[in-house]
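Dear colleague,

I am handing over the structure that we spoke about, and my notes on it follow directly below. Please read them alongside the sequence and the coordinates.

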Amino acid sequence: MILVNYFLISFYDWDYTASGTSPGLVPTWVWLFSAFTTFCAYALDSIDGKHARRTQSSTPLGELFDHGLDSWATSIFVLSFFSVCSRDNGKTGVSVYTMYIYLSIVLFNFMCSHWEKYNTGVLFLPWGYDISQVVLIAAYLLTGAVGVEVWQKPFLFGYYITDALVMLLIGFSLFLSFPQTLYNIRRAHLKKTLKNDSLYEGLLPLVSPLLLFILLTVWVVLSPANILAKQPRLFLWMVGVAFSNVICKVIICQMSSTQPELFHWFLFPLALVVYAAISGLLGWTEEVVLAVFTALVTAAHVHYGVCVVSRHLQSSHRKAALGQGGRWGLGTVSTPSS
């Protein structure tokens, strides 16, 4: 649902300017359809776990599939919403650098939730996710009802609605979400229920995501071609995909009680691309290299997901065959995962 919405908006507004320079370029029905798809995605994501537990069909694969898709969907929700705000046109809109910071904060919150579960074994989801989905749906409905012009006018005390949303996001992250994560980990430590005893093991899942954002930020700031301003949609898509793959590895480690790798393999080709870009080696081909790198990262992420699912299914079939053959005298029992 969210991919259909994202590609539909991208068709009308590839460079995030349609709502600012040409307010009527995106048809009204697109915004209403965006509200519908966002609501459906939110509702389905909310009921799938409950349905699986009621039917006793919960599996570790289902948990990974759910949270793995969430790690990718988190960025796509944000990238679609940017078309409502529009990029800065000199008078109104949001700068592409604000978009990058906005996306980074949202992904940081997602990372903290799963870092917390890696250490405590409990996934604590604050109300921020539900609030964000309701805000997205309301924003699409508002845009469809009165037009994108509502985002181009001061809302209160000279501030725009987008300014208020950014301040709310930053405030929620710094003063509610992240402190709650630290508090939950601290409480588990006091109760001696932490899954990882050493500080190194506890902080290990943060290394690759933080290095990823450091490399991406260096590329954004030092790019000779100002790559983020020239290809904001392509660059931000690549950020979301790369983050999703890194976090999926962390999710697998937290489910299997294993240590994540110190450096995710995405970091090495990304470091080479960033070095070539900021040193001027790429020259005018920087946009082409970004497009190729984005396509490869996306293909690698999809391939990774397909391989994880197929290997799990193959393993399940082998276990079922052993159970039916009676060699070990064991059958397969479907029980809900923790």
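In this predicted model, Tyr97, Tyr100, Ser104, Leu107, Met111, Trp115, Tyr118 and Asn119 of helix α4 meet Glu201, Gly202, Leu203, Pro205, Leu206, Pro209, Phe213, Leu216, Thr217 and Val220 of helix α7, where contact means heavy atoms within 4.5 Å. Helices here (H or I, at least four residues) are DSSP runs, numbered from the N terminus. Helix α4 covers residues 96-120 and helix α7 residues 199-222, and the two pack at an angle of about 170° with their axes 10 Å apart; the axes are lines fitted to C-alpha atoms over the stretch in contact, and angles run from 0 to 180 degrees between N-to-C directions. That angle makes α4 roughly antiparallel to α7, a term that applies to angles over 145 degrees. The residues of this contact divide into 13 nonpolar, 4 polar and 1 charged, with Ala, Val, Leu, Ile, Met, Phe, Trp, Tyr, Cys and Pro counted as nonpolar, Asp, Glu, Lys and Arg as charged, and the others, Gly among them, as polar.

As to conventions, residues are numbered from 1 along each chain as its sequence is written, and side-chain values use heavy atoms, with hydrogens and water left out. Because this is a predicted model, local features need pLDDT of at least 70 and side-chain atom pairs count only at pLDDT 80 or more, while totals for chains, interfaces and linings use all residues.

The largest nonpolar core holds 77 residues, of which Phe81, Tyr100, Trp219 and Phe235 touch the most other members; such a core is a set of buried Ala, Val, Leu, Ile, Met, Phe, Trp, Tyr and Cys residues joined through side-chain atoms within 4.5 Å. Its largest share, 12 residues, comes from helix α9 (residues 232-256). Leaving aside neighbours within four places in sequence, Phe81 is in contact with Tyr102, Leu136, Ala139, Tyr140, Trp151 and Leu165.

Helix α9 also contains Lys249, which touches Glu261, His264, Trp265 and Tyr304 when residues up to four places away in sequence are not counted. The C-alpha atoms of Lys249 and Pro205 are separated by 9.0 Å, although the two residues are 44 apart along the chain.

The unreviewed UniProt entry lists several stretches as "transmembrane region", including residues 94-112 and 234-252; annotations of this kind may be inferred rather than shown by experiment. In the model, residues 94-112 are 89% helix and 0% strand, with the end C-alpha atoms 26 Å apart, and residues 234-252 are 100% helix and 0% strand, with the end C-alpha atoms 28 Å apart.

Gln231, in the loop between α8 (227-230) and α9, is buried with a relative accessible area of 17%, where buried means under 20% and exposed over 50% (1.4 Å probe, protein chains only), with partly exposed in between. Gln231 touches Trp14, Glu287 and Leu290, not counting residues up to four places away in sequence. Asn184, in helix α6 (residues 161-190), counts as buried at 7% relative accessibility, and its contacts beyond four places in sequence are with Glu116, Thr120 and Phe124.

Finally, which backbone angles have a positive value in a residue other than glycine? Phi of Ser86 is near 75°, and this residue lies in the loop between α3 (60-85) and α4, buried at 2% relative accessibility. Phi of Lys192 is near 60°; Lys192 lies in the loop between α6 and α7 and counts as exposed at 74% relative accessibility.

With best wishes

Note on methods: Angles under 35 degrees count as roughly parallel, over 145 as roughly antiparallel, 65 to 115 as roughly perpendicular and the rest as oblique.
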